[in-house]
Amino acid sequence: MTRKAQADYILYQCGLLKELNKCGCPHTIGSYRMDMMAWNDLDIDVENDEMSLEKLYSLSDYIVKTFHPVWYEAKQELTDENKTVWFHGFETLVEGQLWNIDIWFFDKETIEKAEQYCDSITRQVSDMPELKQRIINIKQELIARKLYSFEKYTSMDVYNAVLKQNITNIDDFLAIYKKF
C-alpha cells in the first residue's frame with residue numbers, strides 16, 4: 001500500500017474525516033494536499049468555529065479507541081493574537097508503520113493561507129516532476145539524518161531551496177542552509 005493510500009485509509013476507512021466533521025470543516029494540508037509525501041505524516045486543519053472543550057474530549061476518546069496511539073497530545077491554547085486554537089497530535093501504527101497525525105483547529109483565514117501556500121507549491125511543480133522528486137528526496141534525506149523538524153529544517157526550507165535557489169541534492173542544501 002502506498003503512503004498516500006495509507007493516509008486515505010486513516011482519513012476514510014478509519015473515519016477520521018467523518019469524526020472531524022463533527023468538530024468543524026476539516027482541510028487536509030501539507031504534503032498530502034500537494035501529493036509530495038516523504039514520510040508517514042498527515043496534517044489536517046479544521047475550522048474551529050464550532051470547537052469546544054467538550055468536542056476536544058470527544059475527539060480524544062475517538063482517537064484513543066480507534067487508533068490506539070503510541071503517543072498522544074491534545075490541548076487548547078491562545079495564540080499571540082489572542083485567538084483560541086486546539087491541537088491533537090498522535091502517533092499510531094498503520095500496517096506496521098508508524099504514522100504521525102497532527103490536527104490543528106484554526107480560524108478559516110489561517111487555513112485558507114495554508115491552503116494557498118500548498119497550492120502555490122503544487123502549481124510550481126505541476127509540470128516538472130523532477131522538482132517534485134527533488135523535494136521528496138531532500139526531505140527523505142533530512143528525515144534519515146534526523147534533521148527534519150520544526151526546530152531544525154522544515155518543508156518550507158526545502159521548498160525555498162529547490163524552487164527559488166535551484167538546489168538539487170542534500171549536500172548542496174546543507175551547504176547553503178547551515179543551521180546545524
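Colleague: Let's start at one end of the sheet: how many bridges join S1 to strand S2?

Modeller: Four, and the two strands run antiparallel, with S2 covering residues 41–47. Two strands count as paired if DSSP finds at least two bridges between them. The labels are DSSP runs too, numbered from the N terminus: helices are H or I with at least four residues, strands are E with at least two.

Colleague: Before we go on, what am I looking at?

Modeller: A predicted model, where local features need pLDDT of at least 70, side-chain atom pairs count only at pLDDT 80 or more, and totals for chains, interfaces and linings use all residues. Residues are numbered from 1 along each chain as its sequence is written, and side-chain values use heavy atoms, with hydrogens and water left out.

Colleague: OK, back to the sheet. In what order do the strands come?

Modeller: The general idea is that strands of a sheet pair through backbone hydrogen bonds, either parallel or antiparallel. Here five strands make an open sheet, in the order S1-S2-S5-S4-S3, with mixed pairing. Strands S1 (26–29) and S3 (71–78) are at the edges and have a single partner strand each, so one side of each has no neighbour in the sheet. From one strand to the next, the twist averages 20 degrees.

Colleague: And at the S3 end, which sense does the pairing with S4 take, parallel or antiparallel?

Modeller: Antiparallel, over eight bridges. Trp71, for instance, has Glu91 of S4 as its bridge partner. The two strands form a hairpin with five residues between them, and Asn82 in the turn has a positive phi of about 65 degrees.

Colleague: Which strands does helix H1 lie across?

Modeller: Helix H1 (residues 3–13) lies across S1, S2, S4 (84–94) and S5 (97–106), and runs at about 55 degrees to S5. Axes are lines fitted to C-alpha atoms, for helices over the stretch in contact, and angles run from 0 to 180 degrees between N-to-C directions. Helix H4 (residues 53–67) packs on the sheet as well, touching S3, S4 and S5, and its direction makes about 5 degrees with that of S4.

Colleague: What about helix on helix: at what angle do H5 and H7 pack?

Modeller: Helix H5 (residues 108–125) and helix H7 (residues 155–165) pack at about 30 degrees, with axes 12 Å apart. That makes H5 roughly parallel to H7; the classes are roughly parallel under 35 degrees, roughly antiparallel over 145, roughly perpendicular from 65 to 115, and oblique for the rest. Contact means heavy atoms within 4.5 Å, and here it is made by Tyr117, Ile121, Gln124 and Val125 of H5 and by Met156, Tyr159 and Leu163 of H7.

Colleague: Last one, sequence distance against space: how far apart are Gly24 and Phe106?

Modeller: They are 82 residues apart in sequence and 9.9 Å apart in space, C-alpha to C-alpha. Gly24 is in the loop between helix H2 (16–20) and S1, and is buried at 13%. Leaving aside neighbours within four places in sequence, Gly24 is in contact with Val46 and Glu47. A second case is Gln140 in helix H6: Gln140 and Met37 are 103 residues apart in sequence and 9.4 Å apart in space, C-alpha to C-alpha. With neighbours within four places again left aside, Gln140 is in contact with Arg3 and Ala38.

Definitions and conventions: Buried < 20%, exposed > 50% of the residue type's maximum accessible area, 1.4 Å probe, protein only.
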